[in-house]
Amino acid sequence: MMWINLIGLVVIGLIVWWFWLYQTKSTEVRDGSIEVRVKDGVYQPANITVPANESVQLMFYREDATPCAETLLIPELEISETLVLNKRVMVTIPPQKAGRYPFHCQMQMYRGTLVIK
């Protein structure tokens, strides 16, 4: 009985770490564009740093057929895009002031952050 409780606590800990605590390294955009893969339940890269007051292009390539991966939302920038399976979709981020702009799928299972500085 004690082992079952211990295994349950470990599983709960892993779920909390994966969905709320895990942060990937930030990828910096230097040439004005970057490709983001939508695959295996995550955006790769999920943390993207771009320069302030410059237009940037994010090229999303969706490899994951799950319905949740179909929509990309960047609410604070009023961006909503449909990501077509196995096709590249260009999302242009107009010049913005410095800040952190979360992006995610419609159910917020896929999550990332656009850091403008």
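**Entry 1: terms and ground rules**

I start with a definition: a residue is buried under 20% relative accessible area, exposed over 50%, and partly exposed in between, using a 1.4 Å probe and protein chains only. I apply this to N86, which is partly exposed because its relative accessible area is 46%.

I note that this is a predicted model, where local features need pLDDT of at least 70 and side-chain atom pairs count only at pLDDT 80 or more, while totals for chains, interfaces and linings use all residues. Residues are numbered from 1 along each chain as its sequence is written, and side-chain values use heavy atoms, with hydrogens and water left out.

**Entry 2: the whole chain**

I looked up the secondary structure and found 1 helix and 10 strands. Helices (H or I, at least four residues) and strands (E, at least two) are DSSP runs, numbered from the N terminus. Along the sequence I read α-β-β-β-β-β-β-β-β-β-β.

I then took the overall figures. The C-alpha atoms fill a box of roughly 60 × 30 × 20 Å along the principal axes. The protein has 117 residues, and 33% of them are buried. Its accessible surface is about 7600 Å², and carbon and sulfur atoms hold 59% of that. These areas come from the Shrake-Rupley method with a 1.4 Å probe; for residues, only the protein chains shown count as cover.

I also checked contacts, meaning heavy atoms within 4.5 Å. Of the contacts with a separation of 6 or more, 57% link residues 24 or more positions apart.

**Entry 3: the open sheet**

In which order do the 4 strands of the open sheet run? I read β3-β2-β5-β8, with mixed pairing. β3 (42-44) and β8 are at the edges with a single partner strand each, so one side of each has no neighbour in the sheet. Neighbouring strands here are turned by 25° against each other on average, direction ignored. The axes behind that angle are lines fitted to C-alpha atoms, for helices over the stretch in contact, and angles run from 0 to 180 degrees between N-to-C directions.

I followed one pairing closely. β5 (residues 56-62) and β8 are antiparallel and share 6 bridges. Two strands pair if DSSP finds at least two bridges between them. F60 has V89 of β8 as its bridge partner, and L58 stands opposite V91 of β8.

Which side chains of β8 (residues 88-93) are buried? I found V89, V91 and I93 on one face, buried.

**Entry 4: the core**

I looked for nonpolar cores: sets of buried Ala, Val, Leu, Ile, Met, Phe, Trp, Tyr and Cys residues joined through side-chain atoms within 4.5 Å. The largest has 27 residues, and those with the most contacts inside it are Y43, I48, L58, F60, I93, F103 and L114. Strands β2 (33-39), β4 (47-50), β5, β6 (71-74), β8, β9 and β10 (111-116) each supply at least two residues of this core.

I listed the contacts of Y43, leaving out residues up to four places away in sequence. Among them are V36, V38, F60, F103 and H104.

Is H104 buried or exposed? H104 is buried, because its relative accessible area is 10%. I placed H104 in strand β9 (residues 99-104). Beyond its neighbours within four places in sequence, H104 contacts Y43, T71, L72, L73, P75, Y110 and R111.

E81 lies in strand β7 (residues 79-82). At 29% relative accessible area, E81 is partly exposed. Residues up to four places away aside, E81 touches E70, T71, L72, V89 and V91. I also checked E81 against E28: they are 53 residues apart in sequence and 22 Å apart in space, C-alpha to C-alpha.

I wrote down the background first: most residues other than glycine have a negative phi, and most peptide bonds are trans.

Which residues does a cis peptide bond join? I found Q44 and P45, with omega about 0°. P45 sits in the loop between β3 and β4.

N86 is not a glycine, yet its phi is positive, about 60°. I found N86 in the loop between β7 and β8. Q108 is also a residue other than glycine, with a positive phi near 60°. The loop between β9 and β10 holds Q108. Q108 counts as partly exposed, because its relative accessibility is 47%.
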